[in-house]
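Biologist: I am new to this structure and would like a close look at its nonpolar core. Please begin with what the term covers, and then go on to the helix contacts and loops.

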Amino acid sequence: MVNLTINGKAVSVPEGTTILEAARQTGVHIPTLCYLKHLNEVGACRVCVVEVEGSQKLSAACNTAAEEGMSVRTDTPRVRQARKTNVQLILSQHNVACTSCPRGGNCSLQDVARELNLLEEPFEKMPLPPRWDRTFPLIRDNSKCIQCLRCVNVCDRMQSMKVWEFSGTGRGAHVSTRDGVDIHDINCALCGQCITHCPVGALSARDDTARVLSAIADPDKVVVVQIAPAVRAAWGDEIGLPPELATEKRMAAAVRTLGVDYVFDTNFSADLTIMEEGSELIEHLKTRKGNEAMFTSCCPGWVRFLKLEFPELVPQLSSAKSPQQMFGAVTKSYFADLIKVDPEKIFCVSVMPCSAKKYECDVEAVNDAAKDVDVVLTTRELGRLLRGTDVAALPEEEFDQPLGTASGAGVIFGATGGVMEAALRSAYYLLTGDNPDADAFSEVRGLQGWREYTFTVKDLPLKIAVATGLASARMLMTALKKGEVQYDFIEVMACPGGCAGGGGQPIRDGCELAGERGKRLYQLDRENPIRFSHENPSVQALYKDYLGAPLSEKAHHLLHTEQTAWKL
Amino acid sequence: MNRLDIIREGSAETAIRGLYDDLARRGAVAPASNCPVEQAAAFVKLCLSQSCGKCVPCRVGLRQLSAILDRILDGQGTAGDLTLLRSLASAIADSADCVIGSEAARSLLGSMNAFEGDFRSHVEAGRCTAAFEPVPCKAGCPAHVDIPGYIALTKAGRYADAVRLIREDNPFPAACALVCEHPCEHRCRRNMVDDAVNIRGIKRMAVDKAGDVPAPTPMADTGKKVAVVGGGPSGLTAAYYLRLMGHSVTVFEQRNKLGGMMRYGIPRYRLPDKYLDGDIDAILSTGVEVHTDVSVTGGTFQWLKGEFDAVYLAIGAHSYRPLGVPGDDAENVLSAVELLRAMGDGQAPDLKGKRVVIVGGGNVAMDCTRTAMRLGARSVQCVYRRRQADMTALAEEVEGAIAEHCEMVTMMAPVRVETDGSGKVAALVVQPQIPGAYDGGRPKPARADRDEVRIECDVVIGAIGQVVDSAPFAAEGVPTRRNNIQSDTGTLTEVDGVFSGGDCASGPSTVIRAVEAGKTAAANIDKYLGFEHRLPRAVSVPAAASASLGPWGRVNLSERRAEERRDDFDLMELNMTEQEARQECSRCLRCDHYGLGAFRGGRSEQW
């Protein structure tokens, strides 16, 4: 242990603890901006500077280790002056456009400027010119970038993609794509983790709300909305609605106020995915020549990752489309028939916790004759559309039918391990004819990056692995390729914690919320009277009335895709 | 008012001097990798600040240069700006009234030529291709040793860990602790404050205190066999890392003992056997097989190529250039290579009471000079055709030799060796020189209008350069150029499976350069064999302290007094005390933690 004083108060912390962490443990607040615990402790912004007695210069609290006998002052005039100047300097390079910024009101630079009572900007404005194709799902606005380096480290350490780099030197140094490669051509998985870890509005997902609003205003369009599992665990965060009010049913009601025609649930097509992917898995295990694993295919960030980094493994991806795309395909066929509307008139909107979904819905090879999904909104965009609505006052409402019914197995798609658990529940049934205990496979839950389990179902040992976050996915795929590990079925989600921590989710800077949000999804699973995808009555009706059986020709046509048909 | 005043330096002058002193220190460690456009812009502005303002090209021209450069840096430049920049700079260089303007423009043109690609990238893509080197000492070290890491470990008293950390990039910590030319220190950021950290001295401390440090265990055997020809620093470095990667390695050494120029070139008073043998023993402990007294010639080379999966040629530069003057074949005319090789074999020539003349101005010349003195020569003179300041030998080597009563006879070029009746050396006749125009950074000497000088002596030792004996390999189809074996920056030759590096590829250079080549060869041979072994970093480095020392004097290593040391071959240099080492370690600015070092943890996790 190391003993020091912070603002005169004695503190004892383990060796290696930073001054910042030591201060937080004693309840002393030190403002930070570039700092992200364990990911970005680079001392770039110099907002967290403190005075260490005997030291000529101020020290960055975020990456200076506490030392024995150290005396730290966190709020002296010298410290305040330095912080203030540094934030003014940051602002001189920041395109201050808060009112029209997607992060206006949820911006760490705004917060720290307010905290320092910054009432003037004395320095000449010199933001970098923004150079970006704003039609791309991921947008970098260099005029807002404060060179905190978080995105570089998030992409590098958490996701192992190294899309961003700190390029140039001196006054021209700034974050850019690696080697200046165009974002269209670089190996970006579009996971959006750089967006959710950006302290300001320099990184954002393309805003598509206008396209949705004009479809709603078009009397010829039937606007159908599907809402992804993980959205319900987070949507309230964007509009300041507390979790107890931000229920699934109030979410359905809120979306309905936008004037859309149908509010459906992606959980429904998650169940449908289990039927297709689960059946495919059983087929795969029966017919495979070697012992190669089948991979889940519902996460477009993961699919992009595999195509970019391990193209030789792409044939191992399940051919099942993602729940989002399945939903669109069913909406524009089965549901269009049901309501006797020309599928061309249906405008399919999905609300997703994801930035990669914006890309997925536009992949030609994934779409059939009609475009499955017309527009993808992130959870954040949904929040933006609801800002003018007194959502708390809305009574709860049900989802529309028949595509609004789902099992608890569908809702846990939004958490890492959830697809695996849902698949195991139904695979057990398909193999044995009996339901297992609904919680029989709950040990696959967790937040660890790479987890593996063996279950025996009807004398069949099933070796499975779950990976979350692309750095873990890379480790797993590398080991798999080298033959160091063998599995039968692998679930991968690009974002740590799964969609609950997705790149399209509401942002609370400095907080990793995937665990907390995942818990809400598991709570909803527990509360659902239906716990198995194969028991979803709407799914059963769809097969009975329209598709026949899982993996039928019609199912193949609508719900599957040729994974090798498109390359990156 | 006085008609005349005595000029006294006022506070303004002192301040300006201080500024320029700071600038000079910064200039000395300027990161070569930084944006060349920005550095050129800053340079032009500085030059403008020195202008009198009279002539148009300097006053207005430099200012316009500066404006164009700023425009380019702001991402507003065009290809036309580059043309304009060039024509403007040429006009200034041609027509400015004095050197303040013309030299500034000439420097800019030089920079534009050297960094043409980067200038273009700025205007075409708005992108700078420069990349900052976070840890300058590490970037300056050819082997990229984690210098702040081992300084921190030495400071913490974890000497064995310091040695382990060094070995991750350089298997010769002890040899380098004594003889490395420490290019790291030239880059040390501490130069901005006062003076470079004494990095080599700290390494010496770690090595002396660490005791025996076992080498790591090699990775699993790969079944691949590599032959290394030459047991010097480059060959043994390659052998060590290839062995750690799990390959089977056999070293073939021409001489009786391993070490190459470290044993047969560097005198014992600089590098005692004990240190060199310690490094070599650790390398061999990993299971490297060694055959000494084996000359690899054409036939054996072909056999090696057939028998081994890859061959690394690291034969060094053990031949020499003759003096090239009449009489250079006389008895008692030796080459540096012959003298130092004999010393390595323990067969010192008898120089007792002799008058010895050494020809040359490099470190090898100093080694010969000081060796001759230690062998009991009556007088030792070092003849050099340029000025003492132009010598390529380290200044401290020259000063050390002088302190040991050796004489530097400069601005003298050898003309002929005169012999006595029995064919033995009687004198070296030299022609005084005059420094001429600069060529390659040094003035080129030319014949001065002075008479020849006859230096009477008994022995002449030529130390004017070594050459590579590459003929046997050239005959077998390995391409060479001016005797050097031709290999690329990855040590690959044009012959499949044959790699080459160290002095034999680069020409005579330093130990650390040879280590660099060996390490590079190991990585690329591993890749050639179909692997991608990554050597892990196993030593954790203590956290940086919250502050380093303010401006504080550098501790230099002291040497045994000249009077005491000049008669023996015992180690000349003295180690630091623990007090000195602690203080010196505290001067390290920990660039692995502060500055951009913090960005990616300051160190790579593998190589």
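Modeller: A nonpolar core here is a set of buried Ala, Val, Leu, Ile, Met, Phe, Trp, Tyr and Cys residues, joined through C-beta atoms within 7 Å. A residue counts as buried if 20 or more other C-beta atoms lie within 10 Å of its own. The model is a predicted one.

By that rule, the largest nonpolar core has 317 residues. The residues with the most contacts inside this core are A:Val225, B:Ala175, B:Tyr312, B:Leu313 and B:Ile358. Helix α22 of chain B, residues 511-528, supplies the largest share of the core, nine residues. In soluble globular proteins, nonpolar side chains tend to be buried together.

Leaving aside residues up to four places away in sequence, A:Val225 touches A:Val255, A:Val260, A:Tyr262, A:Val263, A:Phe264, A:Val349 and A:Val351. There is also a second, separate core of 25 residues, and B:Leu65, B:Leu73, B:Ala96 and B:Val123 are among its members.

The contact between the chains comes next. On the chain B side, 18 residues are in contact with 24 residues of chain A. Sorted by class, the side of chain B that touches chain A has eleven nonpolar, five polar and two charged residues.

Now to the helix pairs. Two packed helices are described by the angle between their axes and the distance between the axes. In chain A, helix α9 (residues 266-287) packs against helix α15 (residues 418-432) at an angle of about 60 degrees, and the two axes are 9 Å apart. Angles of 65 to 115 degrees count as roughly perpendicular and those under 35 as roughly parallel, so α9(A) and α15(A) are oblique to each other. Their crossing is right-handed. From α9(A), the residues that meet the partner are A:Ile274, A:Glu277, A:Gly278, A:Ser279, A:Leu281 and A:Ile282. From α15(A), they are A:Ala422, A:Ala423, A:Ser426, A:Ala427, A:Leu430 and A:Leu431. This contact has eight nonpolar, three polar and one charged residues.

Chain B has a pair in helix α8 (residues 147-155) and helix α24 (residues 578-586), whose axes come within 9 Å and cross at roughly 140 degrees. Only angles over 145 degrees count as roughly antiparallel, and α8(B) and α24(B) are therefore oblique to each other. α8(B) passes α24(B) in a left-handed crossing. B:Ile151, B:Thr154 and B:Lys155 in α8(B) meet B:Ala581, B:Arg582, B:Cys585 and B:Ser586 in α24(B). By class, that contact has three nonpolar, two polar and two charged residues.

Another pair in chain B is helix α9 (residues 159-167) with α12(B); their axes come within 8 Å and cross at roughly 115 degrees. The crossing of α9(B) and α12(B) is left-handed. In α9(B) the residues involved are B:Tyr159, B:Ala160, B:Ala162, B:Val163 and B:Ile166, and in α12(B) they are B:Lys203, B:Ala206, B:Val207, B:Lys209 and B:Ala210. The contact divides into eight nonpolar, no polar and two charged residues.

Next to consider are the loops. B:Asn198 lies in the loop between α11 (183-187) and α12 (199-210) of chain B. B:Asn198 counts as buried because 26 C-beta neighbours lie inside 10 Å. Not counting residues up to four places away in sequence, B:Asn198 touches B:Arg554, B:Val555, B:Asn556, B:Leu557 and B:Glu584. In chain A, A:Ser552 is in the loop between α18 (537-547) and α19 (553-559). With 16 C-beta neighbours inside 10 Å, A:Ser552 counts as partly exposed.

Some backbone details remain. Most residues other than glycine have a negative phi, and most peptide bonds are trans. The bond from A:Gln401 to A:Pro402 is cis, with omega near 10 degrees. A:Pro402 is in the loop between α13 (379-385) and α14 (408-411) of chain A. A:Arg46 has a positive phi, near 60 degrees, and is found in the loop between α1 (19-25) and β3 (49-52) of chain A. A:Arg46 is partly exposed, with 19 other C-beta atoms within 10 Å. Phi of A:Asn117 is also positive, near 55 degrees. A:Asn117 lies in the loop between α3 (108-115) and β6 (138-140) of chain A, and with 8 C-beta neighbours inside 10 Å, A:Asn117 counts as exposed.

Key
Residues numbered from 1 in each chain as written. Chains lettered and ligands numbered in written order. Predicted model: local features only at pLDDT ≥ 70, side-chain atom pairs only at ≥ 80, totals over all residues. Axes fitted to C-alpha atoms, helices over the stretch in contact; angles between N-to-C directions. Helix = DSSP H or I, 4+ residues; strand = E, 2+ residues; numbered from the N terminus. Left-handed = near helix turned anticlockwise from the far one by under 90°. Contact = placed C-beta atoms within 7 Å. Nonpolar A, V, L, I, M, F, W, Y, C, P; charged D, E, K, R; others polar. Buried ≥ 20, exposed ≤ 12 C-beta atoms within 10 Å, placed from the backbone.
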